[in-house]
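Thanks, everyone. I'll keep this brisk. Have a look at the sequence and the model, and then we'll walk through a few spots.

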Amino acid sequence: MPLNLSFIKLYRTPLLLVLSSIAFYLSFAYSLVRTDYVKLIMLYAALFFLFYKLVQVLKNQVVVLTWLAFIFRALFILATPNLSQDFYRFIWDGRMLLEGFNPYLNTVVSFISIGEFPVVQSQELHQGMGELNASHFTNYPPINQLCFAIAGLFAGKSILGSVMVMRLLIIAADFGTLFFGKKLLERLNLPAHNIFWYILNPFIIIELTSNLHFEGVMIFFLLWSLYLLYSQKWVFAAVVLGCSISVKLIPLMFLPLFFKWFMKKKEISQDAIASSKPIHNNGFLKLIAFYSITLLTTLLMFLPFYSKQFVSNYAKTVGLWFQDFEFNASLYYIARGIGYSFRGYNEIATIGKITPLLVVLFVLAMAFLRKNKTTVQIITSMLLALSFYYFTATTVHPWYVATLLILSVFTNYKFPLVWSFAIILSYLAYMNTNNTENLWIIGLEYAIVYSVFIWEVFLQKKFSNKHIDHLDNN
C-alpha cells in the first residue's frame with residue numbers, strides 16, 4: 001500500500017490527465033450526437049488540452065505514450081461513428097464487391113429506386129448514408145475498396161461488426177505510421193516524441209479511429225514510402241507510394257516535388273575527378289523510373305475495375321469536389337462572394353476550373369524553385385503545396401487536415417496542429433436541421449489558422465532577423 005501511494009503521489013499529474021482523457025473519450029464515443037454542439041466543443045477542447053499536457057509531461061516516455069495511443073483508440077472499439085455517415089457507404093461498397101459487383105459502376109439509388117437490394121442490410125445502409133451519398137458513384141480507390149471488402153468478409157451481416165473490422169485496420173495503420181514516423185524522425189535527428197503530436201492528437205483519434213476515415217491508411221503508406229526513399233530504396237518506395245495513391249488520390253500532387261531529390265548532384269571525390277573514367281549522373285533515369293513504377297502500381301490497382309463506364313463515372317465523381325460540393329472553404333468562399341456581387345449567382349463552375357490550374361502551377365513552382373534535395377525539404381514542400389490546395393479548395397472536410405498534421409511533425413511549422421484544434425468549428429454546421437454553415441464561424445476558424453500560418457511562413461523569420469540585428473547593433 002505505501003508503494004502504491006508513493007507511486008500515485010509521484011505520477012499524480014500524468015494519472016489525472018490519463019483518467020480524465022479516458023472519461024472524456026468514453027463520453028465522446030458513446031453519449032454524443034453531433035447536433036449537440038456545446039457538448040461537442042467542450043469535450044474536444046478538454047481532450048485537446050489534456051493531449052497537449054500529456055505529450056509535454058511524458059515526451060521522454062515513448063513506451064508510455066505508445067500504450068496511451070493504443071488505450072485511447074481501444075475505447076472506441078464498440079462505438080458507432082457519430083460525426084460522419086460515410087462508413088455506411090464503405091460497408092455497402094465492400095459487400096457489393098464480395099457479391100461480384102463492380103462498386104464503381106452503379107449508385108446506391110440505382111438499386112434501391114427499383115426495389116433491388118443487392119447486399120445484406122441494403123435498406124439500413126441506404127438510410128444511414130443519406131441521399132446525397134447514395135445518389136453519387138463511389139470515389140474510393142482500390143485499396144480503400146479492399147479494406148471495405150475485408151470488413152464484409154469478416155462481418156457480412158453486421159454493421160457494427162463491419163465498423164469494428166475497419167476500425168482495427170485503421171488502428172493498425174496508425175501504429176505503422178508510429179513505427180516509421182519515429183524511425184524517420186530519429187534518422188533525421190529530430191525529436192522522436194514529435195510523432196505523438198499526430199498519434200495522440202484527439203483530432204486523429206476521433207476522425208480516423210472513431211469516424212473511420214481512411215486517410216490514416218494513406219498516411220501510413222506515404223510515410224513508409226518517405227522512409228524507404230530516405231534509405232535509398234527508391235524502387236520499393238515508388239511501389240509503396242503507388243499504394244498510398246490507391247487509398248486516396250492526394251499523394252499524386254506530390255510527384256513533381258521529387259524532381260530535385262533525384263536530380264541532386266552527389267559529391268564527387270578528388271580521385272574520381274583525377275581518373276579518366278567519365279562521370280555519369282543517372283538521376284534523371286531514376287526519376288523517370290520512380291514515376292513509372294509509382295503510376296504503374298496505381299494503374300495495376302485500378303485495372304480489375306477498368307471499363308469505359310468506370311472512367312466516366314470516376315471522373316464525374318472526382319469533378320464534384322471541384323465544381324459542385326462546398327464545405328468549410330476559405331479563399332473559395334471569398335471568391336464566391338465576389339462572384340455573387342458582380343454576377344448575382346454562384347460561379348463555382350468557373351472557379352472550380354481555375355483553382356486546379358492554380359494548384360498545379362503552385363506545385364510546379366515548389367518543385368522547380370525550392371531546393372527539395374533533402375527529406376525535410378521535400379516534406380516541407382509537400383506541406384506547403386497541400387496547404388495551398390486546401391486554402392483554395394471548395395471542400396475541406398475535417399479529416400483532410402490529417403495529412404498536413406503528419407507532414408508538420410517533420411518541420412518547424414505548427415499551423416497544422418493549430419488547425420487540428422480549430423477544425424472542430426466546422427462541425428457547427430450540423431447544429432441546425434438544414435446543415436447550413438455559419439460563415440462567421442468558418443471565418444473564425446480560418447482567422448486562427450491563417451494568423452499562425454502567416455506568422456510562421458512569412459513573418460517569424462523576418463522578425464527574428466530584425467531582433468538579431470537590433471541585438472548586434474547594441
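Let me start at a loop. Gln232 sits between helices α12, residues 215-230, and α13, residues 234-245. Its phi is near 70°, a positive value, and Gln232 is not a glycine. Keep in mind that this is a predicted model.

There is another residue of this kind. Gln121 has phi near 65°, again positive in a residue other than glycine. Gln121 lies in the loop between α6 and α7.

That takes us to α7 itself. This helix covers residues 122-134, 13 residues in total. Its end C-alpha atoms are only 11 Å apart. A straight helix, at 1.5 Å a residue, would reach 18 Å. So where is α7 kinked? The kink is centred on Gly128, and its angle is about 65°.

What about burial in α7? Gly128 is itself buried. Ser122, Leu125, His126, Met129, Gly130, Asn133 and Ala134 are buried too.

Next, the loop between α17 and α18. Those helices cover residues 308-323 and 331-343, and Asn328 is in the loop between them. Is Asn328 buried or exposed? Asn328 counts as buried because its relative accessibility is 0%, and the cut-off for buried is under 20%. Now its contacts, leaving out residues up to four places away in sequence. Asn328 touches Tyr333, Val396, Ile423, Ser426, Glu437, Ile442, Glu445 and Tyr446.

Ala329 is in that loop too, between α17 and α18. Ala329 has a relative accessible area of 1%, so it is buried. Beyond four places in sequence, Ala329 touches Ala393, Thr394, Ile442 and Tyr446. Ile442 and Tyr446 are also among the contacts of Asn328. One distance for scale: Ala329 and Met166 are 163 residues apart in sequence, and their C-alpha atoms are 29 Å apart.

Now to empty space. Rolling a probe the size of a water molecule over the atoms shows where empty space is left.

How many cavities of 30 Å³ or more are there? The count comes to one. The largest cavity holds about 40 Å³ of space. Its lining is Tyr44, Phe203, Ile206, Glu207, Pro398, Ile423, Ile424 and Tyr427. Which helix gives the largest share of that lining? Helix α11, residues 202-210, with three residues. By class, the lining has seven nonpolar residues, no polar ones and one charged.

Take Ile424 from that lining. Ile424 is in the loop between α22 (415-422) and α23. With a relative accessible area of 6%, Ile424 is buried. Outside four places in sequence, Ile424 touches Leu40, Ile41 and Tyr44. Tyr44 is also one of the residues that line the cavity. By contrast, look at Trp261. Ile424 and Trp261 are 163 residues apart along the chain, and their C-alpha atoms are separated by 36 Å.

On to an open site. The second largest pocket has a volume of about 460 Å³. It is lined by 19 residues, and Thr380, Leu384, Tyr413, Glu456 and Val457 are the closest to its centre. Which elements give two or more residues to this lining? They are α19 (348-369), α20 (375-392) and α23 (439-473). The classes run to 11 nonpolar, five polar and three charged residues.

Asn282 is in the loop between α15, residues 270-274, and α16, residues 283-302. Asn282 is partly exposed, with a relative accessible area of 41%. Its C-alpha atom is separated by 8.2 Å from that of Met263, 19 residues apart along the chain.

Last, Leu17. Leu17 belongs to helix α2, residues 12-30. Leu17 counts as buried, because its relative accessibility is 9%. Leu17 and Phe49 are 32 residues apart in sequence, and 9.4 Å apart from C-alpha to C-alpha.

That's the tour. Over to you for questions.

Notes. Residues are numbered from 1 along each chain as its sequence is written. This is a predicted model: local features need pLDDT of at least 70, side-chain atom pairs count only at pLDDT 80 or more; totals for chains, interfaces and linings use all residues. Side-chain values use heavy atoms; hydrogens and water are left out. Helices (H or I, at least four residues) and strands (E, at least two) are DSSP runs, numbered from the N terminus. The expected span of a helix is 1.5 Å times one less than its number of residues. The bend at a residue is the angle between axes fitted to the seven residues ending there and the seven starting there. Buried means under 20% relative accessible area, exposed over 50%, partly exposed in between (1.4 Å probe, protein chains only). Contact means heavy atoms within 4.5 Å. On a 1 Å grid over the protein atoms alone, a cavity is a set of points where a 1.4 Å probe fits but cannot get out, and a pocket is an open set with protein on both sides within 12 Å along at least five of seven lines; lining residues have an atom within 4 Å of a point. Grid points are joined across faces, edges and corners, and a volume is the space filled by probe spheres set on the points. Ala, Val, Leu, Ile, Met, Phe, Trp, Tyr, Cys and Pro count as nonpolar, Asp, Glu, Lys and Arg as charged, and the others, Gly among them, as polar.
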